[in-house]
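My entries follow the order in which I consulted the model.

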Amino acid sequence: MKKGLKFIGVLGLASVLFYACDQKTAENQSAATSETAASSGDYKIAYVYTDSVINKYDYFIKKSEELTDKGKKFEGDLQSRARGFEQEVSNFQQSGGNMTPNQQRAKQEELMKKEQNLVTYRDNLMQELSVDEANLYNEVYEKVQNYLKGYAEAEGLDLVLSYTRGGSVWYGKESLDVTKSVIDGLNKEYGQAPADTAK
């Protein structure tokens, strides 16, 4: 009986010691967390409206216009080819009755092949424009990111957030908004770049 009580006493003492140690660890973790939170208050943070930075960046505007012009040129070329094909189909419909069945079949096959080539040509043009657009966005994001590194260092910023509708930032004080300053800086840098590097 005494051994049983002694064992229960030892278990009780162990529980008390374990609980005390666990409380100490929790207090230490809590202190470390509040210390991190306090030091994070020392960070200097700003944000930019991403869409505004991109859409008002002169380099992006210029390259977008070039891409639009290329798209219009492709569209004109495609329409010209389509009109030529439609004319050929129309001619066949009018004069096809004068052909032998073998000639009609051969002409139909030729027209089907031309139609398929026209569709393939259109798809290739659209794909080229899509790749050009993706490359432009990648290039612009890289230029903005590189500029922001230097901007952040010059302004003593630790973090520059991207503010987009539906993004992870829901609110920011207006005093933290550096969008205009970044746009002005990007455009100034672009305007001062030598002509061959500004392409």
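This is a predicted model: local features need pLDDT of at least 70, side-chain atom pairs count only at pLDDT 80 or more; totals for chains, interfaces and linings use all residues.

I began with Lys-107 and Glu-110, which lie three residues apart in helix H4 and are thus separated by about one helical turn. I noted that these two form a salt bridge, with the closest N and O atoms 3.6 Å apart. I then found that shared partners join Glu-88, Lys-107, Glu-110 and Lys-114 into one network of salt bridges.

I looked up exposure next. Lys-107 has a relative accessible area of 18%, and because buried means under 20%, Lys-107 is buried. Glu-110, at 33%, is partly exposed.

I turned to helix H3, residues 58-95. Its 38 residues should span 56 Å at 1.5 Å a residue, and I found the end C-alpha atoms 55 Å apart, which agrees. I listed its buried residues, among them Tyr-59, Phe-60, Lys-63 and Leu-67. The buried residues of H3 pack against helices H2, H4 and H5.

Lys-63 counts as buried at 18% relative accessibility, whereas Glu-66 is partly exposed at 39%.

I also checked Arg-81 and Asp-77, a salt bridge with its closest N and O atoms 3.7 Å apart. They are four residues apart in helix H3, about one helical turn. Arg-81 is partly exposed at 43%, and Asp-77 is partly exposed at 29%.

Technical notes
Residues are numbered from 1 along each chain as its sequence is written. Side-chain values use heavy atoms; hydrogens and water are left out. Helices (H or I, at least four residues) and strands (E, at least two) are DSSP runs, numbered from the N terminus. The expected span of a helix is 1.5 Å times one less than its number of residues. Buried means under 20% relative accessible area, exposed over 50%, partly exposed in between (1.4 Å probe, protein chains only). Contact means heavy atoms within 4.5 Å. A salt bridge is a side-chain nitrogen of Lys or Arg within 4 Å of a carboxyl oxygen of Asp or Glu.
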